[in-house]
Amino acid sequence: MLLAEITDMHLMDGGVPAYGTIDTRAYLERAIATIAALTPQPDALLVAGDISEDGTPGSYALFREMVAPLGMPVYVIPGNHDAREPMRAAFAQDGYMPVAGPLDYAVDLGALTLVALDTLEEGEPYGTFSAGQCDWLGGTLATLSGKPAIVMLHHPPFPTGAKMDEIGCRDGDAIGAVIAEFNNVEIVLAGHFHRSMHRSWAGTMANICSSTAHQIGLDLAHRPGFKVFMEPPQIQLLHWQDGAGLSVHQVPVGAFECVHESG
Ligand SMILES: [Fe+2]
């Protein structure tokens, strides 16, 4: 089983540039082209939030239109720039989202179950996850009876060591306490950080995927403000092999020249 993952597309209504300068639509087009060129093709596309910059129905419609040619199931969660109800309305037709409440859901993908968590606290850059949602997470993981699962959420519930921790998930410790009770969570996937990173956490792997567009400069000194850089975007591939488990590959967005070939 092969799953592609993208995050933090920050599309605007009508595809206009975000912040007046970043052509997030063009950047997403390149990420989609990178996925479309893969062999074999992924079985599904996971999207870890901030689909939209402005939370508009038009931005979600544009996203759906852009990913449709990939011809694969697409699973989304909200980020801090998303708006819950417009997002629910835009993706309701796909049948995996709850009709009310937080956009938490689980989907059986075959060898793996995707457990998606809604950490959006509308109007705030940080994320939250309620005690009721923690109960749902624990109950959902328990029903899997040891079957491998991937947990996906937007706000990192784990420390990154960088300034971004100031706007991470405020209930991360509670999420970690639930996940640590189970040995079938293969990885925790987050977005929000706008750069790639990996760490161990709650007895499993934890990982953040790059944005498809702009990246936030690495600041381990916690200086004031955030600086945005157009560092090379990446997508992620999650490769599950029966008997060998999960591997994660970072793939730079773009088409690159092959300068040597042997064999
Ligand atoms: Fe973002």
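**Helix packing and sheet**

Mentor: What covers the buried residues of helix H1 includes strand E1 (2–6), helix H2 (57–67), strand E12 (234–241) and strand E13 (245–252). Helices (H or I, at least four residues) and strands (E, at least two) are DSSP runs, numbered from the N terminus. Residues are numbered from 1 along each chain as its sequence is written. The model is predicted: local features need pLDDT of at least 70, side-chain atom pairs count only at pLDDT 80 or more, and totals for chains, interfaces and linings use all residues.

Trainee: Which strands stand at the edges of the open sheet?

Mentor: The open sheet has 5 strands in the order E3-E2-E1-E12-E13, with mixed pairing. Two strands pair if DSSP finds at least two bridges between them. One side of each edge strand lacks a neighbour in the sheet because each has a single partner strand; these are E3 (74–76) and E13.

Trainee: In which sense do E1 and E12 pair?

Mentor: Ala4 stands opposite Leu237 in E12. Over 4 bridges, the sense of the E1 and E12 pairing is antiparallel.

Trainee: How are H4 and H5 oriented to each other, roughly parallel or roughly antiparallel?

Mentor: Helix H4 (residues 131–143) packs on helix H5 (residues 172–179) with axes 9 Å apart, at an angle of about 20°. Axes are lines fitted to C-alpha atoms, for helices over the stretch in contact, and angles run from 0 to 180 degrees between N-to-C directions. Angles under 35 degrees count as roughly parallel, over 145 as roughly antiparallel, 65 to 115 as roughly perpendicular and the rest as oblique. The angle therefore makes H4 and H5 roughly parallel.

How values were computed:
Contact = placed C-beta atoms within 7 Å.
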